[in-house]
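Q: Could you walk me through this structure? I would like to start with the overall fold and then look at some details.

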Amino acid sequence: PENYSVSELADAVNSWCEEHRVSPANGQSGESVSERNIRFYRTSGLLDAPTDTGGRGFGEKHFLQLIAVRLLQAQGQPLRRIRELLHGRSLAHLREIQR
């Protein structure tokens with residue numbers, strides 16, 4: 001979908017990670033992304049604000065930001081470093097990271 005609710009976003013990211021066998025390094029975070037993780041990543045500056053407050057304000061950029069977080073976690077990067085690496089990244093750059 002073009003726009004995701006927070007639970008749909010979590011499901012989409014988890015499906016992608018499962019399909020591509022991406023999981024965080026030992027003990028770094030849960031095996032799957034939850035709505036709670038997404039809220040935490042949002043307040044931590046790892047995820048852009050939703051584009052609207054109607055409950056479906058998450059789109060492709062949010063999906064790609066979360067994929068990038070998971071890929072970097074799989075490499076053992078701490079969230080502080082991930083925030084530095086991803087800050088201000090364009091949609092095109094996030095698509096490159098996904099590939």
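A: The answers below go from the whole chain to single residues. This is a predicted model, in which local features need pLDDT of at least 70 and side-chain atom pairs count only at pLDDT 80 or more, while totals for chains, interfaces and linings use all residues. Residues are numbered from 1 along each chain as its sequence is written, and side-chain values use heavy atoms, with hydrogens and water left out.

Q: How many helices and strands does the chain have?
A: The chain has five helices and zero strands. Helices (H or I, at least four residues) and strands (E, at least two) are DSSP runs, numbered from the N terminus.

Q: What share of the residues counts as buried?
A: Of the 99 residues, 37% count as buried. Buried means under 20% relative accessible area, exposed over 50%, and partly exposed in between (1.4 Å probe, protein chains only).

Q: Let us turn to α2. Which residues are buried there?
A: Helix α2 covers residues 35–43, and Asn 37, Ile 38 and Tyr 41 are buried in it. Seen down the axis of α2, the buried residues fall within an arc of 100°, so they line one face of the helix. The arc is that of the directions from the helix axis to the C-beta atoms.

Q: Why would residues a few places apart point the same way?
A: An α-helix has 3.6 residues a turn, so residues three or four places apart point the same way.

Q: And what is on the other side of α2, and what covers its buried residues?
A: Arg 36 and Thr 43 are exposed on the other side. The cover of the buried residues includes α1, α3 and α4.

Q: How many aromatic pairs are there?
A: The count comes to two aromatic pairs. Rings of Phe, Tyr and Trp (its six-membered ring) pair if their centres lie within 6.5 Å; planes under 30 degrees apart count as stacked, over 60 as edge-to-face and the rest as tilted.

Q: Why is the pair of Tyr 4 and Phe 63 classed as it is?
A: The ring centres of Tyr 4 and Phe 63 are 6.3 Å apart and the planes are at 20°, so the pair is stacked. This pair links distant parts of the chain, 59 residues apart: Tyr 4 is in the segment before α1 (6–19), and Phe 63 is in helix α3 (residues 60–74). Tyr 4 is buried at 11% relative accessibility, and Phe 63 is buried at 12%.

Q: What about Phe 40 and Tyr 41?
A: The rings of Phe 40 and Tyr 41 have centres 6.1 Å apart and planes at 55°, so the pair is tilted. Phe 40 is partly exposed, with a relative accessible area of 44%, whereas Tyr 41 is buried at 3%.

Q: Now the loops. Where is Arg 21, and is it buried or exposed?
A: Arg 21 is in the loop between α1 and α2. At 76% relative accessibility, Arg 21 counts as exposed. Arg 21 has a positive phi of about 55° although it is not a glycine. Most residues other than glycine have a negative phi.

Methods: Contact = heavy atoms within 4.5 Å.
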